[in-house]
2 protein chains.
Amino acid sequence: MTKSYAVSLADVQEAAKRISGHAHVTPVMTCGTLDDIASAGAATPRKLFFKCENLQKVGAFKFRGAYNAISQIPEDQRWKGVVTQSSGNHAQAVALTCKLLGIKATIVMPHTAPKAKVNGVIGYGGKIVHCEPTKESRDQTAQKIVDETGAIFIHPFENPHVMAGQGTLMLELLTQTQSLGTQLDAAIVPCGGGGMLSGTAVAGKGIQKDLKVFGAEPENVDDCKRSFKRGVKLLQHEASGKTIADGLMTVIGEPNWEVIRDYVDDVFSVTEEQIVEAMRLVWERMKVIIEPSAAVGVAVALFNEDFKKLEVENVGIVFTGGNLDLGVPLPWVSRL
Amino acid sequence: MTKSYAVSLADVQEAAKRISGHAHVTPVMTCGTLDDIASAGAATPRKLFFKCENLQKVGAFKFRGAYNAISQIPEDQRWKGVVTQSSGNHAQAVALTCKLLGIKATIVMPHTAPKAKVNGVIGYGGKIVHCEPTKESRDQTAQKIVDETGAIFIHPFENPHVMAGQGTLMLELLTQTQSLGTQLDAAIVPCGGGGMLSGTAVAGKGIQKDLKVFGAEPENVDDCKRSFKRGVKLLQHEASGKTIADGLMTVIGEPNWEVIRDYVDDVFSVTEEQIVEAMRLVWERMKVIIEPSAAVGVAVALFNEDFKKLEVENVGIVFTGGNLDLGVPLPWVSRL
């Protein structure tokens, strides 16, 4: 009972105060058409509440964690600068936070990162150092910069302040749905490294004990689901795969796993086709732009057969981000 | 001073009551990046307030006018059904309104109408009759249906109830910006047939006498601007041209023109390139989907040299709709 985790409800509440006035309180949207699709063949009718972190600063929830972590660096340490490694949205979040706080930011990015995300980092004044799209290359390149410059490393999901920052979106979501007269039965949270899933699970369960918190992953990179099912975290080499949901290709972190194992109710996965279809439906019917990673939670609610069996009516779903290359054919066009 | 127009502030206020609970009160969004672009080289810094009618029912402001008009058909006349002609969004609006009210809807559409708009009409249970993409063909086809079936014709912009319904968005915009602590100096409203421009001009000036109301048009179909400059409405044969802004290809209507002439402060036009660039910026930076016609007002604020010279700070802009084929290359891709 006294087990301690990397993040607590109090940490998330402190983070909420810290980011207040800096991060947006993003809106919650609903859509009758998507409710109908989610309700079809489901154990109970569904009402979906979408937390629009695609409308967050830098176009993704990552700004919450980055700001919460970096704003805690003491004034007399800030000259050292900050370094991080990220496939994209965390990179932009760190770059913007550093710009706002007057700190030098160096970002290690795989050379495969989407152009929109690379341009975002450059636009916020971040310095980019390219690496290979592997965990080893990312870690080594970042470590080398830390060693050479003394910069402070901000891990994209294992940093406890990052986890707490991401958790703040759940506090808002619960307050916002309540002000709409609704109590959520469940929340679906996409999982890459598990920063958001761990932070939101602790926050959600802390505020509302009976809230079900579910992870969502692409089938192709379902390391969180497989870890959850067997109760032991997958090792790095056991998890690999490609997905259109480029933000979720990461294997879950160690401190994240401990929280997920004990706080999360279940993890569901969806196919690439389901992700693309969910994304298309959101664009067409809701007129908001979400990136593929952000469609994974929606896809679970709309299409996952195991999820359909659950007796949950009001379901919160995180639109995690809206950054993608708009200069290339859309996925439902290029895949036809 | 006693000159009477097709629409008055009282009509718009009545319409607002009539559509309340049926149409969405759409959100108002802001975007720092677009403010910066609009401010660059401008006489005063700009703050833009976007009225998101792309998030309205049927994905466009047209639902307001259609609902206001059709809901006023007496119960004992409704069996006759409704007929209209429209390039798209008014068609969907009439189809959905009729579905909600249990009225048969027949829609005359040019065979060139975007697939997304055609599918919308079908989805709402409307019956489509195709015609040529000319005013003559549209009018004749619709008239034939009226003659043969006795159906009630709802003109997409010359109907006074439609004009009043569209005007309701201005009442909301002024209230919403005021609750944000802002008083608008001006509003930019795209102009096709002029239903929205006339309704919003009457509503805006009625509520706030010193509000500047500006029309926005593609250069390629600038019949409203040319009419406004010479003070006499262009004849049908004087106005023609093609534009990516398919919702604005219509020549302004007669009752609309009388209002525009006397209530509107000026009309600005933008090039096809400016429309596409404005649309791309909104998608990329605001993460919301607008159709090309909806980008015309934004393009004026961002790029029009004459508009740059104006001393207006807080500017409302209508995102008129978000319906376009997502199954084809995006315009900034296909035009490269």
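Residues are numbered from 1 along each chain as its sequence is written, chains are lettered from A and ligands numbered from 1 in the order in which they are written, and side-chain values use heavy atoms, with hydrogens and water left out. In this predicted model, local features need pLDDT of at least 70 and side-chain atom pairs count only at pLDDT 80 or more, whereas totals for chains, interfaces and linings use all residues.

With contact defined as heavy atoms within 4.5 Å, 20 residues of chain B are in contact with 20 residues of chain A. The area buried between the two chains is about 1,500 Å², and carbon and sulfur atoms give 67% of that area; buried area is the accessible area (1.4 Å probe) that two parts lose on being put together, summed over both. In chain B, the most area is lost to chain A by Lys287(B), Ile289(B) and Leu326(B), which together account for 43% of what that side buries.

Between chain B and chain A there are 0 salt bridges (a side-chain nitrogen of Lys or Arg within 4 Å of a carboxyl oxygen of Asp or Glu). Polar contact, by contrast, is found for 8 residue pairs, both residues at pLDDT 80 or more. A polar contact is a pair of N or O atoms within 3.5 Å; within protein, one must be able to donate a hydrogen and the other to accept it, and residues adjacent in sequence count only if both atoms are side-chain atoms.

Helices (H or I, at least four residues) and strands (E, at least two) are DSSP runs, numbered from the N terminus.

Chain B can be laid on chain A with an RMSD of 0.0 Å by a turn of 180 degrees and a shift of 0.0 Å along the axis, which is the relation of a two-fold axis. Copies are superposed by least squares on the C-alpha atoms of residues with pLDDT of at least 70 in both. Of the residues of chain B, Val288(B) comes closest to the rotation axis, at 2.2 Å (C-alpha). Because 100% of the interface residues of chain B are also interface residues in chain A, the copies meet through the same surface.

Chain A contains an open sheet of 6 strands in the order β1-β2-β10-β7-β8-β9, with mixed pairing.

Definitions and conventions: Two strands pair if DSSP finds at least two bridges between them.
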